[in-house]
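User: Could you take me through some of the terms used for this structure, and tell me what stands behind each of them?

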Amino acid sequence: MKHLIYLFSSIFIFLQGGIYAQGWQTNAGGDLYVTGTKAGIGTSGPEQSLHIDKGELKISHDTNAPTIRLYDSADDDQFTLRHHRTGDRFEINSGAGNLLSVAKEGLVGIGSQNPDSELTVNGEIRAVAFKVSNEIPADYVFQKYYTGKSELLPGYRMPPLKEVEAFIKAKHHLPGIPSAEAIKKNGLDAGKMTNRLLQKVEELTLYLIGQRKKLERIQQHKQ
């Protein structure tokens, strides 16, 4: 940290001293070059206020949270990049609070300091489209019904309506669908639930087709 302070102090002193036209460099190799209002490290032609070419910027600190702070006095905006050693994570914060956290395991949190999944969002998500990959789509219901077997899910069995009714009467939710208590406790997997709901729609469709066929047979016997 002391070396970094010396570096920026030197830049400030030379800029304030009016060394603008000709520029200034520490040695023939051009490790540090100051010209006009720009400073270059590893380059003699800085393009920004501070231009580091083919090098690294390292900030060290003895506390548990080394911090880079960006502050705009014009509108009082403040952003910080902080390394929490105790939590072993990097954070980007603003005046409004936590924006982004990255844990050492690669877990990312938005609005969450302690992400517990690949992506943890503490807030709303708005998107134009949302895609969920599923290796076993629910068409195994139709496959098994019309062909007698399913390559998608060989062990699938479509329960008869009486069995479904008994299950609902005892459990108060559909078979294969989490209960209200389970959803409150564990949350809801959107991908799995979407596929299970599609399975129920396909089963319901087949139940209706079966009922229609029974009604048609009854009508034929009456005639």
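Analyst: Let us begin with pairing: two strands pair if DSSP finds at least two bridges between them, and strands themselves are DSSP runs of E with at least two residues, numbered from the N terminus, just as helices are runs of H or I with at least four. The model is a predicted one, in which local features need pLDDT of at least 70 and side-chain atom pairs pLDDT 80 or more, while totals for chains, interfaces and linings use all residues. Residues are numbered from 1 along each chain as its sequence is written, and side-chain values use heavy atoms, with hydrogens and water left out.

User: How do you know that strand E7 pairs with strand E8?

Analyst: The definition asks for at least two bridges, and six join E7 (residues 89–94) to E8 (residues 97–103), the two running antiparallel. They form a hairpin with two residues between them, and one of the bridge pairs sets Phe90 against Val102 of E8.

User: Which residue is the bridge partner of Val102 in E9?

Analyst: That partner is Val108; E8 and E9 (residues 108–110) are antiparallel and joined by three bridges. In their hairpin, which has four residues between the strands, Gly106 takes a positive phi near 95°.

User: Why is Lys162 called exposed?

Analyst: Exposed means over 50% relative accessible area, buried under 20% and partly exposed in between, with a 1.4 Å probe and protein chains only; Lys162 has 72%, and is therefore exposed. Lys162 lies in helix H3 (residues 161–171).
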